[in-house]
Amino acid sequence: MGGMEAMQASNMAADGETVLDGLRVLDFGQFIAAPSAGQILADLRADVIKIEPPGGDASRRSGWQADNCGPMFSAYNRGKRSIVLDLRRAEDRGVALDLVRSADVLLQNARPGVMEKYGLGAADLRKRYPRLIYGSVSGFGHSGASAARPGLDIAAQAESGMMSMNGDAHADPTRVGFTVVDVLAGRTLATGVLAALVRRGITGQGAHVTVSLIDVAADALSQQWAEHQLLEAPPSRCGNGQATLAPAADIIGTADGKIVISAYLQEHFARLCACLGRPGLAQDPRFHDNASRVANRTGLREELAGMLADLAAEDACSRLNEAGVVCGVVRELGNAMDRAAAAAPERLVRVPSPGNRQLRMPALPLTIDHATPRDAALPELGQHGEEILAELARQETAPSIFSPLLLAGEGLGVRARPANWRDRPWGRNGISLTLDPLLHRRVFRRPASRLAAQVSGTTVDKNRRGAQCGRIPSGAMRCPWESLAPAGDIGLDW
């Protein structure tokens, strides 16, 4: 790679590592759905402030007593800053509203009506701050007869039909072994927020992104919805296999463990039989097509188990993979973690936590321009409260929050307005608005860019970090920077 190519690759990697740098997110979430969305945004380098009640997010001690960073909290809160606010107190509600004033995104999964009770509902906040992206998770929707129902992952698994098709045919319906709906809801919320941010970059308008657990569960079962309608029969529980395909997700024993095999396409089944030394089995009348194999699933499993009985699981899986057959060794979680650490250590992040522990956790399962995942600590309860309050105090003395609305082409065109400009008692000459150095660097990607505030065709240049911008007084072609009186929209061109 030449010098120019290496520099371009380095620049792309740097951009990938800071893709949401400068974005502020308020995470009011509890447990999994909203906090996991917040962690995705934190992994993409947004500044995520976790607003916790006295005692903290309930997930801190869910199934854990050693300290306030239990397994559930540890899984979905790295890289955030924590402040404790008691929303029952007017003073703390005021702090929350001050934080909203400078925020791009708010996430919450409180019970219906709770955020509204404290003046933090979507309708009120979006009226005051129309650029805000407000993300909500509910159990059973935000309107209708079921909106007030309490909702957790297990209720959505049950009500969606997910449990009815999970487990063995002669056993009770079974829940999926982890909180799959909560996790998918967090991913869905993050997707919606990112889409809303893109739209805001085009239109300048915020959004209310709503996600419900029941909708997420139904979406996860889209194939089963189609099967039910096309086959005119409900999906049945069939354990590890699939009701209409064979072999598909079938667990077969080996000399020292178990493997899962999926080879229901005819050519794949022929490869499977040839690889295991029984090519003629593909023409056996019991197994010559998928329908026959489904009808004779028990006999098929017995034949496969006989062919694999003398092979170690790793050896069997290696041979089948080389033959183009989908299979995998059924591993205990600890073994899977060790293999992940050995095979792709760059896809794990270190997460310091209380008690001098250091967890190793899966990184966000995507990369942007080869960016390296970032190690990030878990926040102690209220750890960053003083720091966050000090930032608010600085904003009170020098309003500094601009948000980019349009990023286009090689340059950067921005239409910006301070988030709290309507609340400011401007003096006769006004107070200059400041694009602070940190946000300047984040928005313009350079520590000292040439800024021009263009309003009504008049330009004032400022070639320094933290350039101040405001509306040029009527009739003036050029004027001292300090005399600009801010009002309305301000245009910035780079």
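This is a predicted model: local features need pLDDT of at least 70, side-chain atom pairs count only at pLDDT 80 or more; totals for chains, interfaces and linings use all residues.
In which sense, right-handed or left-handed, does α2 pass α8?

**Figure 1. Helix α2 meets helix α8.** To settle the opening question, the crossing of α2 past α8 is right-handed. Helix α2 covers residues 33-43 and helix α8 covers residues 180-203; their axes come within 7 Å and cross at roughly 50°.

Figure 2. On the α2 side, look for Ala33, Ala34, Ser36, Ala37, Ile40 and Leu41. Helix α8 answers with Asp182, Val183, Ala185, Gly186, Arg187, Leu189, Ala190, Val193 and Leu194. Sorted by class, the contact of α2 with α8 has 11 nonpolar, 2 polar and 2 charged residues.

**Figure 3. The β10-β11 hairpin.** Here strand β10 (residues 348-353) pairs with strand β11 (residues 357-362) in the antiparallel sense, over 6 bridges. To find your bearings, pick out Val349, whose bridge partner in β11 is Met361. The two strands, β10 and β11, form a hairpin with 3 residues between them.

**Figure 4. An open sheet of 3 strands.** Follow the order β7-β8-β9 through this sheet, where the pairing is antiparallel. Strands β7 (248-253) and β9 (326-329) are the edge strands, each pairing on one side only. On average, neighbouring strands of this sheet are turned by 25° against each other, direction ignored.

**Figure 5. Strands β8 and β9 with helix α14.** Strand β8 (residues 258-262) is joined to β9 by 4 bridges, and the two run antiparallel. A handy landmark is Ile261, whose bridge partner in β9 is Cys327. Helix α14, made of residues 313-322, lies across β8 and β9. Relative to β9, helix α14 runs at about 160°.

**Figure 6. Stepping back to the whole protein.** The secondary structure comes to 17 helices and 17 strands. Of the 494 residues in the protein, 43% are buried. Among contacts between residues at least 6 apart in sequence, 64% join residues at least 24 apart.

Note on methods:
Residues are numbered from 1 along each chain as its sequence is written. Side-chain values use heavy atoms; hydrogens and water are left out. Axes are lines fitted to C-alpha atoms, for helices over the stretch in contact, and angles run from 0 to 180 degrees between N-to-C directions. A crossing is left-handed if the near helix is turned anticlockwise from the far one by less than a right angle, and right-handed if clockwise. Contact means heavy atoms within 4.5 Å. Ala, Val, Leu, Ile, Met, Phe, Trp, Tyr, Cys and Pro count as nonpolar, Asp, Glu, Lys and Arg as charged, and the others, Gly among them, as polar. Two strands pair if DSSP finds at least two bridges between them. Buried means under 20% relative accessible area, exposed over 50%, partly exposed in between (1.4 Å probe, protein chains only).
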